[in-house]
Amino acid sequence: MSDVSKRAESIRPFIVMDVVARARELEASGRDIVHLEIGDPDLTTPEVIVKAAEAAMDAGETGYTPSLGLPDLRDAVAYRARDDYGVDIDPGSVIVTQGTSPAMLLLFGSLLDPGDEVIMPDPCYPAYPNYVNFLGGAPVPVRVRAEDGFRYRIDEVERAITPRTKAIMCNSPSNPTGGVLGPDDLAHLARLAEERGIWLASDEIYHGLQFEGRAHSALEFTDRAFVLNGFSKAYAMTGWRLGYMIAPPQFVRPAEKIQQNFFLCASNFVQVAGTAALLRAQDDVARMREVYDERRRYLVPALRSIGLTVATEPLGAFYVFAGATHWGADSVHLASRLLEEAGVAVAPGRDFGPGGEGFLRFSYATSLERLHEGVARLAEWAGAR
Ligand SMILES: Cc1ncc(COP(=O)(O)O)c(C=O)c1O
């Protein structure tokens with residue numbers, strides 16, 4: 001009998017990591033693989049951010065920081081909230097973390113008792129249900145559909161609320177769908193949260209990468225919101241590990257205690273770099289957004305032209321979630337075939353929940369040249385089927 005805990009056993013692995021591992025094996029044997037499977041920007045961190053980190057290291061800023069984060073960075077988060085959304089937040093409500101991922105532990109760890117439910121979109125970022133399960137809560141998936149731009153239908157969210165519901169999770173722009181919630185969607189969710197005395201948990205990590213209109217924060221619509229955000233995507237800082245949560249006042253101290261005990265603090269000079277990112281890298285974000293948008297405007301019609309279905313234009317992040325049932329109903333099997341037979345690595349939709357079955361996620365965090373190559377290979381594969 002295995003001594004591994006049920007809690008650890010119950011975590012579902014990312015199937016896409018199997019795709020990555022197999023792609024590496026094929027590459028080691030000499031095959032060229034086009035990587036469209038991972039959400040890791042190919043663009044490098046802007047120079048102003050790198051320089052700020054270097055200067056901080058040179059200045060010896062290498063010790064622990066307060067668990068809640070450097071005051072300058074927390075102030076900078078408040079400054080961005082005012083500048084980007086017209087929202088006044090107290091810098092004291094900002095908790096700096098080592099990425100958006102640990103912020104999820106702080107959020108769900110300070111909010112959930114065993115059996116508490118969290119409503120989340122299906123498909124969604126797979127860490128959400130895993131975190132909720134790990135902490136003894138119950139994820140409650142609500143289907144979102146391609147024809148709705150993968151936005152919640154508000155009556156379905158309302159029907160999913162029970163006396164055990166603690167929060168509604170939203171993620172706009174979305175991984176895996178690239179879908180974007182409009183101000184009306186967020187206003188409806190905020191109203192539900194307020195009427196039912198529950199919380200809105202808004203993962204805003206892809207803000208900065210929205211291609212039409214501006215991204216709206218949950219905090220524009222209600223105080224009953226937690227915001228998760230991080231530097232990985234818009235600032236191309238995945239490997240730096242920096243993020244934050246903006247929490248309602250009564251949750252700051254509980255989250256601080258979790259942070260103190262489990263992580264102590266985020267890296268000191270990385271926080272200095274994050275401050276520079278928020279205050280001085282907005283032009284870089286705009287430049288990178290242009291680059292992604294050019295790729296998106298190529299990729300969406302290209303995928304359609306080879307027979308995949310993109311029902312509504314993805315408007316944010318760097319993903320296209322394309323319907324592929326007529327290439328194969330089982331997305332895991334299909335992704336494996338595309339890798340082996342066409343040399344193109346993609347993420348199977350099922351990785352993101354049952355509602356993702358029949359879809360493939362294409363990441364365009366890779367060069368236009370490689371996107372062209374990937375599409376050419378897929379076109380040939382589809383033609384020869
Ligand atoms: C929706 C979403 N939230 C959170 C994360 C995790 O980000 P971080 O690198 O800040 O931990 C990701 C990473 O892919 C993501 O797609």
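Predicted model: local features only at pLDDT ≥ 70, side-chain atom pairs only at ≥ 80, totals over all residues.
I took contact to mean heavy atoms within 4.5 Å. With that in hand, I looked at helix 2 against helix 12: I15, V19, R22, A23 and L26 in helix 2 meet V332, L339 and E340 in helix 12. I sorted these residues by type and got six nonpolar, no polar and two charged.

**Helix 2 and helix 12, geometry**
I checked how the two run. Helix 2 covers residues 15-28 and helix 12 covers residues 331-342; their axes come within 11 Å and cross at roughly 15°. Angles under 35 degrees count as roughly parallel, so I put helix 2 and helix 12 down as roughly parallel to each other. I noted the crossing as right-handed.

**Helix 12 and helix 13**
I stayed on helix 12 and turned to its packing with helix 13, residues 368-384. The angle here is about 105°, and the axes are 10 Å apart. The range for roughly perpendicular is 65 to 115, so helix 12 is roughly perpendicular to helix 13. On the helix 12 side I listed L334, R337, L338, E341 and A342; on the helix 13 side, R377, L378 and W381. That contact divides into five nonpolar, no polar and three charged residues.

**Helix 5 and helix 9**
The crossing of helix 5 and helix 9 is right-handed. From helix 5, the contact uses L105, L106, G109, S110 and L111; from helix 9, it uses F251, P254, A255, I258, Q259 and F262. My tally for this contact is eight nonpolar, three polar and no charged residues.

**Ligand**
Which residues are closest to the ligand? I found 14 residues surrounding it, the closest being T100, S101, D203, S232 and K233. S101 has one at 2.6 Å from an oxygen atom of the ligand. For Y206, I got 2.8 Å from a polar side-chain atom to a ligand oxygen atom. For R241, the corresponding distance is 2.7 Å.

**R241 backbone**
I gave R241 a second look for its backbone. Its phi is near 65°, a positive value in a residue other than glycine. Where does R241 sit? I placed R241 in the loop between strand 7 (225-230) and strand 8 (243-246). So my entry for R241 has both a positive phi and a polar side-chain atom 2.7 Å from a ligand oxygen atom, with phi flagged because most residues other than glycine have a negative one.

**Cis peptide bonds**
From D122 to P123 the bond is cis, with omega near 10°. I traced P123 to the loop between strand 3 (117-122) and helix 6 (127-134). Another cis bond joins S172 and P173, and omega there is about -15°. P173 is in a loop as well, between strand 5 (165-171) and helix 8 (183-196).

Terms used: Residues numbered from 1 in each chain as written. Heavy atoms only, no water. Left-handed = near helix turned anticlockwise from the far one by under 90°. Helix = DSSP H or I, 4+ residues; strand = E, 2+ residues; numbered from the N terminus. Nonpolar A, V, L, I, M, F, W, Y, C, P; charged D, E, K, R; others polar. Near = heavy atom within 4 Å. Polar contact = N/O pair within 3.5 Å; in protein donor to acceptor, adjacent residues only side chain to side chain. Axes fitted to C-alpha atoms, helices over the stretch in contact; angles between N-to-C directions. Parallel < 35°, antiparallel > 145°, perpendicular 65-115°, else oblique.
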